[in-house]
Amino acid sequence: MHEPDPLDPDDNGEQTPSKTQRKKASHELQSLGEALAEMPDDRLERLEISESLRDAVLQYKRTRSHEGRRRQMQYIGKLMRQAEVEPIREAIAALQLGHAKDTLALHRAEQWRTELIADDDAVTRWTAEHPDCDVQQLRSLIRAARKDAAAIPEQRSGRAYRELFQFIKPFLVEADADADADE
């Protein structure tokens, strides 16, 4: 069987994208527009996009009716066809990567908290990785968290557990920022 050519000849005999390809590209631009609409306003303002596209995205965010949002998103997709999409893709990827890094840092903080409460050797590993840490305060928070964990469930406050997490978290966020600067 003959495989259909993905490009249709136009009136001049030149090859142009098929209707299916154009439709697929249009849907991709509209999806990119949806991701752009989910971007926080402060990041949207810093992005180098046309004023009409920025206004359309802001109007989309203000629109409440389903049909109005659908039409506005189609309009954003139309404006995206004339826009330079690579900077938009990069900004959206950076935003999504930032969310993933934040989540990873929180998971690492939870893991460290669990290890610090469970094992004294973890304190040694922590201080080796984070020499600027206030070890006395860390040990105090660990003792309080262990004491709270040892209490019967009705008498636990969880406060020490949360304070230990809040103490650990900035060190991990700072370490991630330093790693990003080194790249």
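1. Basis. The model is predicted, so that local features need pLDDT of at least 70 and side-chain atom pairs count only at pLDDT 80 or more, while totals for chains, interfaces and linings use all residues. Residues are numbered from 1 along each chain as its sequence is written, and side-chain values use heavy atoms, with hydrogens and water left out.

2. Fold. The chain holds two strands and eight helices, where helices (H or I, at least four residues) and strands (E, at least two) are DSSP runs numbered from the N terminus. Read from the N terminus, the order is β-β-α-α-α-α-α-α-α-α.

3. Burial and surface. Of 183 residues, 30% count as buried, a term that stands for under 20% relative accessible area, with exposed set at over 50% and partly exposed in between (1.4 Å probe, protein chains only).

4. Contacts. Taking a contact as heavy atoms within 4.5 Å, residues 24 or more positions apart account for 52% of the chain's contacts with a separation of 6 or more.

5. Nonpolar cores. A core here is a set of buried Ala, Val, Leu, Ile, Met, Phe, Trp, Tyr and Cys residues joined through side-chain atoms within 4.5 Å. The largest has 22 residues, and Leu36, Leu53, Ile76, Met80 and Ile88 have the most contacts inside it. Helices α1 (19-37), α3 (51-62), α4 (66-80) and α5 (85-118) each supply at least two residues of this core. Apart from it lies another core of 19 residues, including Ile117, Ala122, Ile142 and Leu164.

6. Met80. Leaving aside residues up to four places away in sequence, Met80 touches Leu29, Leu32, Gly33, Leu36, Leu53, Val85 and Ile88.

7. The α3/α4 pair. The axes of α3 and α4 come within 9 Å and cross at roughly 165°, the axes being lines fitted to C-alpha atoms over the stretch in contact, with angles from 0 to 180 degrees between N-to-C directions. The two helices are therefore roughly antiparallel, a label for angles over 145 degrees. Residues that make the contact include Leu53, Ala56 and Tyr60 of α3 and Gln72, Ile76 and Met80 of α4.

8. Ala160. Ala160, in helix α8 (residues 159-182), is buried at a relative accessible area of 9%. Ala160 and Leu141 are 19 residues apart in sequence and 6.3 Å apart in space, C-alpha to C-alpha. Not counting residues up to four places away in sequence, Ala160 touches Ala144 and Ala145.

Methods: Angles under 35 degrees count as roughly parallel, over 145 as roughly antiparallel, 65 to 115 as roughly perpendicular and the rest as oblique.
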